[in-house]
Amino acid sequence: GKFGKYGGIFVPELLIPALEELEKAFLKYKDDKEFNAELEYYLREFAGRPTPLYYAENLSEKLGCKIYLKREDLLHTGAHKINNTLGQGLLAKYMGKERLIAETGAGQHGIATATVASLFGMPADIYMGSVDVARQKLNVFRMEISGAKVIPVESGAKTLKDAMNEAMRDWITNVENTHYLLGSTAGPHPYPTMVKHFQTVIGKETKKDILEKEGELPDAVIACVGGGSNSLGIFSEFIDHKEVELVGAEGGGDGLEGKHGATLSAGTEGVLHGSLSFVLQDDYGQISEAHSISAGLDYPGVGPEHSYLKVTGRAQYGPITDEEAFRAFKLLSKYEGIIPALESSHAVAMAEKYAKENPGKTIVVNLSGRGDKDVNIIADYMGVK
Ligand SMILES: CC/C=C(/N=C/c1c(COP(=O)(O)O)cnc(C)c1O)C(=O)O
């Protein structure tokens, strides 16, 4: 469970047996015919896969590049998160677990967990920082109407990091009957490997479609990076093709001089939530408070595989500020009639920057989610009452 030196298992002794049980089950079922037939059934009939690889004609005109959008925003529940929650939810069922818990920031992973809990007839407790409960109200309502319990977290920054702390604490107490459905490629082994595995369906579809449409691989694949799952899901199929540039857009918040969540752009090596990766920390090793207009990127850690891709130079990462993301949110809404999640807006803004420096290239942007959840944040940001 290592990516170079990154990854590993840095957890209290109490969690080791649960992680070993989970790894054993994942290795047993990941290539199992029956498991995959059932997973593919739900991905197709329930979540709505495959998603389009849409040629954004107006945006391409405007940016002077060929821009393709991978439409994970069209999935049931509105983001890529359901790829992972269907995989882990089914695995939990096969393992005989009776209860699901999860952390959430943007509420997309939360609703994707609540949705599969309803589908598989399990109770779900979703931990969510009270700051995020306030700024992603629509998703809190959706989780509760789906039968899940949203547990506000009041510790620390009251955002994603703190929600993960509480979820891990619950898991330690209830490890016998509970599966912790971790929502990104972070955390202790096997989570970074397992979550990426369930997200690689994005990259597989993208590679097939771009070859059909263009007859060759794209020049660049661009995605936003919070914990790192939608980006690894789409990067995965291109990593071995060195001619394809992989670009990650991080939450630049107020800029690198101010508060942000750009862990790979400005962080250092450290341990958080059970794995060695890059983190935002002060000189004493205390994890710093992150900030991003988008709750899903508002996280002072990042998955260990991204740390490996960064130090080996296989992928490039840069910050996109709140302001740049906000402008890209409006750009896509106005030019393509697609309202993106604020997280995904960071990838669109990064594509704009890439297009300016690389005219005439072919770019694939992972549109990880839709922006319904964010309209009140945008309205406030615009000063619209
Ligand atoms: C697991 C906590 C992250 C959440 N969301 C992260 C997110 C992200 C960033 O997460 P990653 O793909 O895992 O980097 C990108 N796009 C959308 C639409 C997101 O909602 C959540 O709680 O919904």
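Predicted model: local features only at pLDDT ≥ 70, side-chain atom pairs only at ≥ 80, totals over all residues.
Local features are given only at pLDDT of at least 70 and side-chain atom pairs only at pLDDT 80 or more, while totals for chains, interfaces and linings use all residues. Residues are numbered from 1 along each chain as its sequence is written, and side-chain values use heavy atoms, without hydrogens and water.

**Helix H2**

Select residues 33–47, which form helix H2 (helices are DSSP runs of H or I with at least four residues, strands are runs of E with at least two, and both are numbered from the N terminus). Begin at Asp 32, which caps the N-terminal end of H2 with a side-chain oxygen 3.1 Å from the backbone nitrogen of Glu 34.

Next, colour Phe 35, Asn 36, Leu 39, Tyr 42, Leu 43 and Ala 47, which are buried (under 20% relative accessible area; exposed is over 50%, partly exposed in between, with a 1.4 Å probe and protein chains only). Just after H2, select Gly 48, whose phi is positive, about 100°.

**Strand S14**

Move to residues 362–367, strand S14: six of the six residues are buried, so the strand is largely enclosed by the rest of the structure. Thr 362, Val 364 and Asn 366 point one way, and Ile 363, Val 365 and Leu 367 the other.

Tyr 68 has Val 364 of S14 as its bridge partner.

Note on methods: Expected span 1.5 Å × (residues − 1). Polar contact = N/O pair within 3.5 Å; in protein donor to acceptor, adjacent residues only side chain to side chain. Pairing = 2+ DSSP bridges.
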